[in-house]
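Q: I'd like to go through the charged contacts in this one. Can we start with the structure on screen?

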Amino acid sequence: DIGSFKKLKHLKVALKSFKYLDTIESIESFTLNNSTGSHLPEGLGNLPLLNDLNLRYCKNLFKLPASMGNLKMLLGLDITGCSRITGLPSSLNQVPIGILKLDECNGLRSVPKGLQVGSIWAENVTWKSMPVGIFDSEASDLNVINHQITDITGIGRMKNLENLNMTNGKIKRIPPDINKCTKLNLLLLEGNEIENTYNAEISENVDTRLLGNPVFDRKQIDE
């Protein structure tokens, strides 16, 4: 009878089952961190006012419902530590998302192409390559921090990118297509393994920080 609460806007609880959540039509935000349920109700995306969904460390959760494409706007979607999720539903590219949090989502392999998202955050991930679809998103901010990614070729497809933070990883070089990110203002690549920047034409207007890379360290020694 949870759906009998006609004015319930916010629910913060750890659950063993997500059953009946899609009956709370007045809900605006769910904080379901550390829940042990394995799947969300298929009707979750049909809740007319839902705009904030927090699923941190729901370690048994293996997918999100396709109906999430019906949400008008997600101010935030946080699936930090949901290590069983390998992909996001294709319908999500129809939803404007403010902030997408993917910290510790080590099983994630893909997101829908054309994702309408403002900021993407992924900290402490074991990714060796960027999940498919992220470079095809409309994000203006991409933050992947503490990672194992070696190659970011394809970053030039991010036409709206303004801020890129990929510190503390294993990136070997700055790809030439970085110059296609014409809106880029800030490029943080500190703590990687970049040997040179010969083929990358980075505008002088971009605040570029390469501290902790061989290319930067050698320059400091020469000076």
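A: Here it is; note that this is a predicted model.

Q: How many salt bridges does a search of the whole structure find?
A: Five salt bridges turn up when the whole structure is searched.

Q: Which residue does R56 form a salt bridge with?
A: The partner of R56 is D78, and their closest N and O atoms are 3.3 Å apart. R56 sits in the loop between β3 (52-54) and β4 (74-78), while D78 belongs to strand β4. The two residues are 22 apart, so the pair links distant parts of the chain.

Q: Is D78 buried or exposed?
A: D78 is buried, at 7% relative accessible area. R56, at 27%, is partly exposed.

Q: Switching to R157. What does its side chain meet in a salt bridge?
A: That would be D136, with an N to O distance of 2.7 Å. R157 lies in the loop between β7 (141-145) and β8 (163-165), and D136 in the loop between β6 (117-123) and β7, so the contact ties together parts 21 residues apart in sequence.

Q: And how accessible are those two, R157 and D136?
A: R157 is partly exposed with a relative accessible area of 45%. D136 also counts as partly exposed, at 23%.

Q: Last one: what is the N to O distance between K101 and D103?
A: It is 3.4 Å, and their side chains meet in a salt bridge. D103 is buried, with 8% relative accessible area.

Terms used
Residues numbered from 1 in each chain as written. Predicted model: local features only at pLDDT ≥ 70, side-chain atom pairs only at ≥ 80, totals over all residues. Heavy atoms only, no water. Salt bridge = Lys/Arg side-chain N within 4 Å of Asp/Glu carboxyl O. Helix = DSSP H or I, 4+ residues; strand = E, 2+ residues; numbered from the N terminus. Buried < 20%, exposed > 50% of the residue type's maximum accessible area, 1.4 Å probe, protein only.
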